[in-house]
Amino acid sequence: MNHRIERLIPLLPEDVDGVLITSPCNRYYFTGMRSTEGVLLVTREASYALMDFRYIEAARRTIQNCQVILQESLRRQLGELVKKHGIRRLALETSYQTVGEMNRFGAMLPGVQLLTDDRVDRAILELRRIKDDREIGCIRAAQRITDRAFTNILEFIAPGRTEREVAAELEHLMRQGGAERTSFDTICVAGPNSSLPHGVPGDRPIQAGDFLTMDFGCVVEGYCSDMTRTVAVGHVTEEMERIYSLVLEAQLAALAKAAPGVPCREVDAAARDLIYQAGYEGCFGHGTGHSLGLEIHEEPRFSPAADALCTPGIVMSVEPGIYLEGRFGCRIEDIVLITDKGAEDLTHSPKKLLVL
């Protein structure tokens, strides 16, 4: 992991003497050590991981090429390290630190200018954007568990089950399959609730004639998976079939468009134009997809406003949907790896309309 610290140092702007990393996801990215607390100080000459007693033994076993220090007095220890390396300008993670945390470190380091611009923050996120083989392997493993959970949940879904019961069973199946935890709060919404893109599972029983939308994922070695499937229970109307077919057509169009060098907004347009031209403008109000990795939502995005290009090594979701307020909704989502030649779909669950 510590080669990542070596890659970060040359990216520090000339007027920046070091960076203070406190977010759990970035600490893990650079050290390979997962913890709820800790501070990573990266300077041009050396790097230091300050960990409290709860994590120090594991840190000494895990973290390499970075000096591990038992955190006793963070104020004193940071002050000594800053003085040792002559640090005058120290960058913070502006995407993660609160104003309160910034003020706390400002009080600890009165002689140091804490930089709140996003130059170093953007450099870190750029490093994280492109996944290496190990990261891709973790995402593949998480998605395999997620696919298996979908296969198994189909036997559980039945009229009378509540949304909350199906969500809980999905999470149990993923844990049973080897997941560390869920990637996010599982979405499981049926009937009129399925028109809520990020609806919360409740106690409404699933009924015959419902669409049931399940958006779920899990974590393996810190890395997320994500998928959505919409299934029908009992029977469907012609309108439901038509909308499902349109969403699937839009998703397949976006998947076909995703390739290295293609602007992300064009991937979004491939799905959005089909949906809007079919008369459903205003019924697809979110982006077509997002990157994922250590966090479930990373950059870049597939959206109308996206400036980025598809780049080999990024993992993206592709998830168009149509939502008819108060009636029903439908979303289909896979995750794909952008490769040198195109896009590899990492999701292997069937996408034909299933009527259970």
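Guide: We start with a helix and then turn to the backbone. This is a predicted model, where local features need pLDDT of at least 70, side-chain atom pairs count only at pLDDT 80 or more, and totals for chains, interfaces and linings use all residues. Residues are numbered from 1 along each chain as its sequence is written, and side-chain values use heavy atoms, with hydrogens and water left out.

Take helix α6, residues 119–129. Helices (H or I, at least four residues) and strands (E, at least two) are DSSP runs, numbered from the N terminus. The buried residues of α6 are Val 120, Asp 121, Ala 123, Ile 124, Leu 127, Arg 128 and Arg 129. Buried means under 20% relative accessible area, exposed means over 50%, and partly exposed lies in between (1.4 Å probe, protein chains only).

What do these buried residues pack against? Their partners are α1 (3–8), β1 (18–21), α2 (24–31), β5 (89–92) and β14. Contact here means heavy atoms within 4.5 Å.

Now follow β14. This strand covers residues 298–302 and holds Pro 300. The peptide bond from Glu 299 to Pro 300 is cis, with omega near 10°.

Next come two loops. Asn 65 sits in the loop between α3 (53–62) and β4 (67–70). Asn 65 is not a glycine, yet its phi is positive, about 55°. Asn 65 counts as exposed because its relative accessibility is 67%.

Glu 221 lies in the loop between β10 (218–220) and β11 (223–224). Glu 221 is not a glycine either, and its phi is positive, near 50°. With a relative accessible area of 37%, Glu 221 is partly exposed.
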